[in-house]
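The sequence and structure come first, and the notes follow.

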Amino acid sequence: EASYRGGPAKVKINGVWSPVAYHWMAPYQPGSSREVELLKVGDSWKITGQNESKYHPIILTDLADTYNNGQGVSIFSYRPRAVRLPSGIVVLTGLLIVRGALANGDVIGYVHPDCRPDKAMRLPTEMGDVSKDVIVGVDGAIRIYGNPLPNQYITLDGMAYPAAGVATWTTIGTAGSALGPNWVRDSAWDDLYGAPSYWVDPYGFAWFRGLLKAVGTVVADQLLFNLPTSVMLWKGQHVRTSVNSALGAIGNDASVNSVIIKGGSATAAGTWVSLGGAPLQTVPARTLNDWYYPRAFRNNWGNYNATVFSECSFALREDGLRVSSGLVSAGTVGSVLLAPKDEEFWPRYGRIIIPSFAANARARIDMSPSIENDYNANYTRGGILLLQGSNTWYSIDNRMWIP
């Protein structure tokens, strides 16, 4: 169960919760898979452990290595992998370093066949503290774009998408949705990335795919598309995406069912915006998931305006996906926002870096493991460090990760 934190556990089998809680034959591991394996013992069942068989290593090419290996350090995420959750959502994780100078489209790794998307997904990343993007293709290749920087780190954390065959996509422009007046589809892009579409998963998160192209000058908060009234979004959200292989973001603070492009994105006609990797919460997401609201912040951080915009909170979904939510402000950039009380949220295999968005500019979030080997006072066990960005407002909306 999403609220489970220890002791005997009820489990869902074929969509039905067990009538009783089962005991463990192995210790429960916070941060591990929430899919378990059962063994019949006498007339009852026992939990033998947590299933890690769908935690697939990313096979790196000779153009990339783990950041730790490349730099001779030990603190950062050292197990690049693609995790297919029981829901069919795929989450990537790992901090890499590229070797030498790369060209647009160079392949740095491959994901397991079970973790490939229906169509190519264009996802935002941070590379050497600069906004870039990668494409995860239907062939499993991870290709880098945006004029890659030589010999720099690149993070895979914060990337999530539905695996092939999981989502039931609804094309934007049909079924009560409509494109904004200055945005069109491109048939060639549709072939590669799929028609711009949305899908709401069983936990109330709206996922998107495809690219849209501007046919006029783009301005901040311009309508990208409307969603039908049956898909009502939760408060104002700001989510990092990729625009022309550089910084971009979408949101919904103009209207709860209108998706808009945020300031800081490219503005010329012909601009493309990727909808991949930019999920938004619907209203049911707040009731279908167990949200943790922190009692206190650190370093003067606080909610920006919890009436209009999403409030700082964290969810551990039943399928094991970790999600942050909220628009915060007024704290010290380069300091810890807070450390979630539950170790389930903490990275297991070293510090991770997640791209974000603040005051219409790029931002970087670092999350620390249970053993934080860097004695820099700005880091703490399990801490969420808002390392770069602006304190005017800082989005942690729908940042998704797997420990």
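## Spaces, rings and strands

The residues lining the largest cavity divide into 3 nonpolar, 4 polar and 6 charged. Here Ala, Val, Leu, Ile, Met, Phe, Trp, Tyr, Cys and Pro count as nonpolar, Asp, Glu, Lys and Arg as charged, and the others, Gly among them, as polar.

The model is predicted: local features need pLDDT of at least 70 and side-chain atom pairs count only at pLDDT 80 or more, while totals for chains, interfaces and linings use all residues. Residues are numbered from 1 along each chain as its sequence is written, and side-chain values use heavy atoms, with hydrogens and water left out.

**Cavity and pocket.** On a 1 Å grid over the protein atoms alone, a cavity is a set of points where a 1.4 Å probe fits but cannot get out; a pocket is an open set with protein on both sides within 12 Å along at least five of seven lines, and lining residues have an atom within 4 Å of a point. Grid points are joined across faces, edges and corners, and a volume is the space filled by probe spheres set on the points. The count is 1 cavity of 30 Å³ or more.

| Space | Volume | Lining residues | Closest to the centre |
|---|---|---|---|
| Largest cavity | about 60 Å³ | 13 residues | Ser33, Arg34, Tyr55, Leu85 and Pro86 |
| Largest pocket | about 520 Å³ | 20 residues | Lys12, Arg34, Glu35, Pro86 and Glu318 |

The pocket lining divides into 12 nonpolar, 1 polar and 7 charged residues. β1 (12-13) and β4 (36-41) each supply at least two residues of this lining. Strands (E, at least two residues) and helices (H or I, at least four) are DSSP runs, numbered from the N terminus.

**The sheet with β4.** β4 also belongs to an open sheet of 3 strands in the order β3-β5-β4, with mixed pairing. β3 (23-24) and β4 stand at the edges with a single partner strand each, so one side of each has no neighbour in the sheet. Two strands pair if DSSP finds at least two bridges between them. β4 and β5 (residues 44-50) run antiparallel and are joined by 6 bridges, with Leu38 opposite Ile47 in β5.

**Around β33.** Strand β32 (residues 313-316) runs antiparallel to β33, with 4 bridges between them. Buried means under 20% relative accessible area, exposed over 50% and partly exposed in between (1.4 Å probe, protein chains only).

**Aromatic rings.** The structure holds 12 aromatic pairs. Rings of Phe, Tyr and Trp (its six-membered ring) pair if their centres lie within 6.5 Å; planes under 30 degrees apart count as stacked, over 60 as edge-to-face and the rest as tilted. Tyr78 and Tyr349 have ring centres 5.8 Å apart and planes at 80 degrees, so this pair is edge-to-face. Tyr78 and Tyr349 are 271 residues apart in the chain. Tyr78 is partly exposed at 42% relative accessibility, whereas Tyr349 is buried at 14%. Arg79 lies over the face of Tyr349, 4.4 Å from the ring centre. A charge sits over a ring if NZ of Lys or CZ of Arg is within 6 Å of the ring centre and within 35 degrees of the ring normal.
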